[in-house]
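Work through the exercises below with the structure open beside you. Try each task before reading its solution.

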Amino acid sequence: MLSAAVSDPALVAHARAYLSGADDPAGAAAIASIVDRVQNGNETPRTFTDGWIASRGLAFAACALAELSGIASSTENLRRLDSLRQIDPVSLRRVRGLLAFCPEEEYRRAVERLAAHRGTRSRRLGVSYLVPTRRDWVDECCADPPSAEWGSNAFYRERLGASVSTPRHLELLGWRLEDSDFDAFTYGMRATMADGLGPAAAPVLVDAWDRLRIYKPWREQFVELISLIPSDEAFKLLLERYEREFAREYLLAAMERFPVRAVRVLFTVASNDSTSALLAAGLLRMHLKAHPELPGPDPAPRVPDAPGEDLPAVLTAPGRAPRLPAYADPDVLPQVLLKGGLPQGE
């Protein structure tokens, strides 16, 4: 393949230099591409990646993976790609994870070396995934994101989602999660995106929850993810969707996880005239009862329960005790007050 007349001469030179012992990530990627074509299995890129880390160091491995995204090989030639090549996700994730936990000096060296391997759109996307702390590099990728004409569009869209970390990135992307962003294997990517963006992720995730028909097991994970975001906005957006499937249990979990935030948001909502005000007042009452150590006024103090003999028989006679929907939880609803021996308004 290296001797084929149709092989890219520059790439062949890099490959021969690497085989001669040179510190050449592009050559390493070329050789890995050739072997991968012959072996055609996941273990080939993972073996090469581990070998590069062990023999040449983490920075070299990162650069070689970036180069691999723009190389194609067949049984007859070796050439550069104009479009993206999907790289083994385990290898990418492994190097990204090691970079995240390596000593600061080693990380700095890796970033400096990767700066020389960003010459194409595919390499820029790969590099930004490996070192998302370079927000200016992520800016470039968000301004020129993967588009529908690329064969590996979804793969690199996910990696870009795992690289964003500022509202500016979302603004550049005009980002909206789509149906293609949801499957059994992408929850980690969405969680990584939420972790990188922090509170700014809340409206993006809730927008997808409102628009998309998400498979039930993934929808529960998605609602849980929203409940983990440490912001008043995320809590309020979850509260506004209290009657939806999974919303109640994860809102209650968020109240326990962020008890002070729960008091603050619930009191604010309970004090206005929104449709969530009564619900917020009941949840706040329940929350303060469970956590008497928390400061916070009850927006609608409870009155003592009336004795049974003062109530109409229709309210005390034995019945079927049907299961109440979430929004009819007696601890959450306002009390029905008595007037003249009957419930108020009768």
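α14 gives the largest share of the lining of the second largest cavity, 3 residues. This is a predicted model: local features need pLDDT of at least 70, side-chain atom pairs count only at pLDDT 80 or more, and totals for chains, interfaces and linings use all residues. Residues are numbered from 1 along each chain as its sequence is written, and side-chain values use heavy atoms, with hydrogens and water left out.

**Exercise 1.** Describe the second largest cavity and its lining.

*Step 1.* On a 1 Å grid over the protein atoms alone, a cavity is a set of points where a 1.4 Å probe fits but cannot get out; a pocket is an open set with protein on both sides within 12 Å along at least five of seven lines; lining residues have an atom within 4 Å of a point.

*Step 2.* Take the volume, the space filled by probe spheres set on the points, which are joined across faces, edges and corners. The second largest cavity has about 50 Å³.

*Step 3.* Find the elements. Helices are DSSP runs (H or I, at least four residues), numbered from the N terminus. α13 (216-228) and α14 (232-240) each supply at least two lining residues.

*Step 4.* Sort the lining by class. Ala, Val, Leu, Ile, Met, Phe, Trp, Tyr, Cys and Pro count as nonpolar, Asp, Glu, Lys and Arg as charged, and the others, Gly among them, as polar.

**Exercise 2.** Which residues lie nearest the centre of the second largest pocket?

*Step 1.* The volume of this pocket is about 280 Å³.

*Step 2.* Its lining has 18 residues; Arg-96, Gly-97, Ala-100, Leu-130 and Pro-132 lie nearest the centre.

*Step 3.* α5 provides the largest share of this lining, 6 residues.

*Step 4.* By class, the lining holds 11 nonpolar, 4 polar and 3 charged residues.
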